[in-house]
Amino acid sequence: MNNQIKEYRNKANDIFEDIGKFACYTRGIEFQKDSIVKLTAFKEDVISEKELAAKSNDNDLANAFASFEFVTEAMISEFKMWIELKEENYNSAWDSLVDAQSYASMSMQAHETNGHLENYIRRLEVLEKVLFPPQLFFSDRSVISESTCSICGKSMDDCEHIKGKFYLGKQCYEVIKKIETIYAYDIVKDPANKKCRALTFSENGNDTDLMTYRQNDFG
Ligand SMILES: [Zn+2]
């Protein structure tokens with residue numbers, strides 16, 4: 001392993017150990033806010049190293065820093081979730097949990113230095129099930145007529161980049177340029193986007209908030 005990756009591996013371990021003890025509901029909100037400050041400082045350091053590595057065309061190093069960036073972002077999102085739960089901002093707390101899950105998977109995809117986040121991802125899945133009620137997810141069925149590669153800008157059919165793979169610290173994804181038609185919205189169990197969900201449901205003619213079960217409460 002590259003020496004610089006080792007150095008940041010150790011730095012990351014120290015920070016994660018230091019703030020890890022605050023990553024649960026009962027710990028003081030001031031410590032949780034302070035943990036976000038510490039994680040954000042580390043993330044900014046990592047992003048500037050990632051940009052340097054990308055400039056010098058070091059693909060492996062840039063991807064390793066992207067991986068540190070996303071694992072740190074995942075933990076920032078988790079702390080946001082705990083804080084938002086305490087402040088009773090349940091819809092924001094849900095979004096933060098979903099962000100934490102996406103960032104953790106991106107971190108694993110970016111580089112092997114964070115290739116073993118399965119336990120962390122499983123923990124976030126457990127939190128999803130015990131902290132929140134079952135959700136009603138939607139998924140749209142659509143025809144995409146134009147999309148390009150986020151790395152080179154060419155049509156996805158004409159370029160050699162692979163969707164999901166990292167190149168100099170940037171993930172390749174499909175940029176949707178034009179949606180021809182959306183022909184259905186389905187209710188699904190395993191959605192592509194867990195933020196695409198029902199906020200209320202109708203009971204006895206009243207709008208009921210799915211998170212709190214309160215009527216006409218859109219907190
Ligand atoms: Zn491409």
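The protein has 5 helices and 6 strands, and from the N terminus on they run α-α-α-α-α-β-β-β-β-β-β. Helices here are DSSP runs of H or I with at least four residues, strands are runs of E with at least two, and both are numbered from the N terminus. Keep in mind that this is a predicted model: local features need pLDDT of at least 70, side-chain atom pairs count only at pLDDT 80 or more, and totals for chains, interfaces and linings use all residues. Residues are numbered from 1 along each chain as its sequence is written, and side-chain values use heavy atoms, with hydrogens and water left out.

Let's start with the overall picture. The C-alpha atoms fill a box of roughly 65 × 50 × 25 Å, taken along the principal axes. Of the 219 residues, 40% count as buried; buried means under 20% relative accessible area, exposed means over 50%, and partly exposed is in between, with a 1.4 Å probe and protein chains only. Among contacts (heavy atoms within 4.5 Å) between residues at least 6 apart in sequence, 68% join residues at least 24 apart.

Now for the helices. H2 has 27 residues and reaches 39 Å from its first C-alpha to its last, close to the 39 Å expected at 1.5 Å a residue. The expected span is 1.5 Å times one less than the number of residues. Buried residues of H2 include Gln-32, Ser-35, Ile-36, Leu-39, Phe-42, Lys-43 and Val-46. An α-helix has 3.6 residues a turn, so residues three or four places apart point the same way. The buried residues of H2 pack against H1 and H3.

Asn-57 has a positive phi of about 60 degrees although it is not a glycine. Most residues other than glycine have a negative phi, and most peptide bonds are trans. At 59% relative accessibility, Asn-57 counts as exposed.

How far apart are the end C-alpha atoms of H3? They are 41 Å apart, which agrees with the 40 Å that the 28 residues of H3 (residues 59-86) should span. Of those 28 residues, 24 are buried, so H3 is largely enclosed by the rest of the structure. Just after H3, Glu-88 takes a positive phi of about 60 degrees.

What do these helices pack around? In the largest nonpolar core, which has 41 residues, Phe-16, Leu-39, Phe-68, Phe-79, Met-81 and Phe-132 touch the most other members. The elements that give two or more residues to this core are H1 (3-20), H2, H3, H4 (90-110) and H5 (118-131), and the largest share, 14 residues, comes from H3. A nonpolar core is a set of buried Ala, Val, Leu, Ile, Met, Phe, Trp, Tyr and Cys residues joined through side-chain atoms within 4.5 Å. Leaving aside residues up to four places away in sequence, Phe-132 touches Met-81, Leu-85, Tyr-90, Ala-93, Trp-94, Leu-97, Leu-127 and Met-211. A second, separate core of 5 residues includes Met-156, Cys-159, Tyr-167 and Cys-172.

Cys-159 also turns up at the metal site. Which residues coordinate the zinc ion? They are Cys-149 (SG), Cys-152 (SG), Cys-159 (SG) and His-161 (ND1), at 2.1 to 2.5 Å. Donors are N, O and S atoms within 2.8 Å of the metal (3.2 Å for Na, K and Ca), and water is not among the atoms, so sites may look incomplete. With angles of 103 to 114 degrees among its 4 donor atoms, the site is tetrahedral, a label that needs all angles between 85 and 135 degrees. Along the chain the donors follow the spacing C-x2-C-x6-C-x1-H. Cys-149 is buried, with a relative accessible area of 2%, whereas Cys-152 is partly exposed at 33%.

On to the strands. Leu-168, in the loop between S2 (166-167) and S3 (170-171), has a positive phi near 45 degrees. Glu-174 is found in S4 (residues 174-188) and touches Ser-147, Thr-148, Met-156 and Lys-163, not counting residues up to four places away in sequence.

Finally, S5 (residues 200-203) and S6 (residues 206-209) run antiparallel, joined by 4 bridges; two strands pair if DSSP finds at least two bridges between them. Ser-202 stands opposite Asp-207 in S6. This hairpin has 2 residues between the strands, and Asn-204 takes a positive phi near 50 degrees.

Definitions and conventions: Four donors count as tetrahedral if all angles lie between 85 and 135 degrees; four count as square planar and six as octahedral if opposite donors are over 155 degrees apart and all others between 65 and 115; anything else is irregular.
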